[in-house]
Amino acid sequence: MSTTADPLATLGTLAGVSDSVDSVRKAVDRVYGHRVMRRRSNEVTSEAALRGARGSAALSGADWALEEVRRRTDFSGGDGDDQAPAVGAALRLTAEAGQLLSIWRQSPLRVLARLHLVAAAEHGDAVGRPRTAGEPVDEPLIELPLPAADEVAGRLEGLAQLVIGGTSAPALVSAAVVHGELLALRPFGSHNGLVARAAERVVLVGSGLDPKSICPAEVGHAELGRAAYLAALEGYVSGTPEGMAAWIAHCGKAVELGVRESTAVCEALQRGAA
């Protein structure tokens with residue numbers, strides 16, 4: 001992370017980023033203006049949460065049909081389905097993220113620790129805290145070089161200071177950087193992808209861009225596909241202006257696809273079909 005006063009703000013001036021920010025803002029405004037949102041926004045929020053959790057789990061290797069996620073009540077994996085725990089973790093994170101909005105700006109590292117604890121749903125010294133030197137990381141779908149524990153600690157502290165100090169960067173840029181940084185660092189021993197996407201959601205909602213949490217970027221990330229997701233992440237990790245801009249644009253497309261999903265939900269509710 002840069003040590004300048006507001007490094008995120010400069011990203012908004014990169015080629016293509018401003019266009020992405022404007023496009024996302026217009027898309028979000030359109031779905032918030034849908035007539036269904038005036039009286040049934042809670043239903044749209046609930047459906048967005050379910051679909052977002054399904055999308056996040058899919059990117060972590062548990063690509064279940066939406067109706068299967070809706071139907072199932074046991075996500076322990078006790079029936080031999082080794083994908084079930086990832087789906088359960090995604091659902092728990094989606095529910096928990098909304099409870100942590102007021103804490104994020106004051107103590108982002110505390111929120112990240114809580115998200116990991118909720119995702120892991122287990123006890124042990126390695127849960128709910130960043131990894132230390134020599135501890136393994138179980139994140140098989142992300143094969144980028146793993147930063148050392150001391151680098152992770154320093155970059156997490158830098159990220160926390162940016163969040164606490166505030167930034168003039170657009171919400172999309174801030175959310176994309178939080179998401180990308182957590183994926184690049186993989187600060188926890190497991191569930192880093194799920195935590196990173198939940199943190200992106202916290203930023204998008206807490207910033208006021210999507211206050212009712214009806215624009216599930218996780219849906220868009222899943223729809224764009226794992227290959228495109230990882231390719232865009234490589235751009236972020238490169239640290240080049242072009243790579244960073246490509247990652248932010250990718251996140252913008254994901255939000256817009258989440259908007260499209262919730263617009264379809266609004267239309268279905270309006271027709272009485274959902």
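Trainee: In which hand does H9 pass H10 in this predicted model?
Mentor: The two helices are close enough for their axes to come within 8 Å. The crossing of H9 past H10 is right-handed.

Trainee: Why are H9 and H10 described as roughly antiparallel to each other?
Mentor: Angles over 145 degrees count as roughly antiparallel. The axes of H9 and H10 cross at roughly 165°. The pair is therefore roughly antiparallel.

Trainee: How do the residues of the contact of H9 with H10 divide by class?
Mentor: On the H9 side the contact includes Leu-172, Val-178 and Leu-182. The H10 side has, among them, Ala-196, Arg-197, Glu-200 and Val-203. By class, the contact divides into 10 nonpolar, 4 polar and 2 charged.

Trainee: What volume does the second largest pocket have?
Mentor: H9 and H10 each supply at least two residues of its lining, as do H6 and H8. The lining has 17 residues, and Ser-174 and Val-203 are among those nearest the centre. Its classes are 11 nonpolar, 5 polar and 1 charged. The volume of the second largest pocket is about 330 Å³.

Notes:
Residues numbered from 1 in each chain as written. Predicted model: local features only at pLDDT ≥ 70, side-chain atom pairs only at ≥ 80, totals over all residues. Heavy atoms only, no water. 1 Å grid on protein atoms, 1.4 Å probe; cavity = no way out; pocket = protein on both sides within 12 Å on 5 of 7 lines; lining within 4 Å. Points joined across faces, edges and corners; volume = space filled by probe spheres on them. Helix = DSSP H or I, 4+ residues; strand = E, 2+ residues; numbered from the N terminus. Nonpolar A, V, L, I, M, F, W, Y, C, P; charged D, E, K, R; others polar. Axes fitted to C-alpha atoms, helices over the stretch in contact; angles between N-to-C directions. Parallel < 35°, antiparallel > 145°, perpendicular 65-115°, else oblique. Left-handed = near helix turned anticlockwise from the far one by under 90°. Contact = heavy atoms within 4.5 Å.
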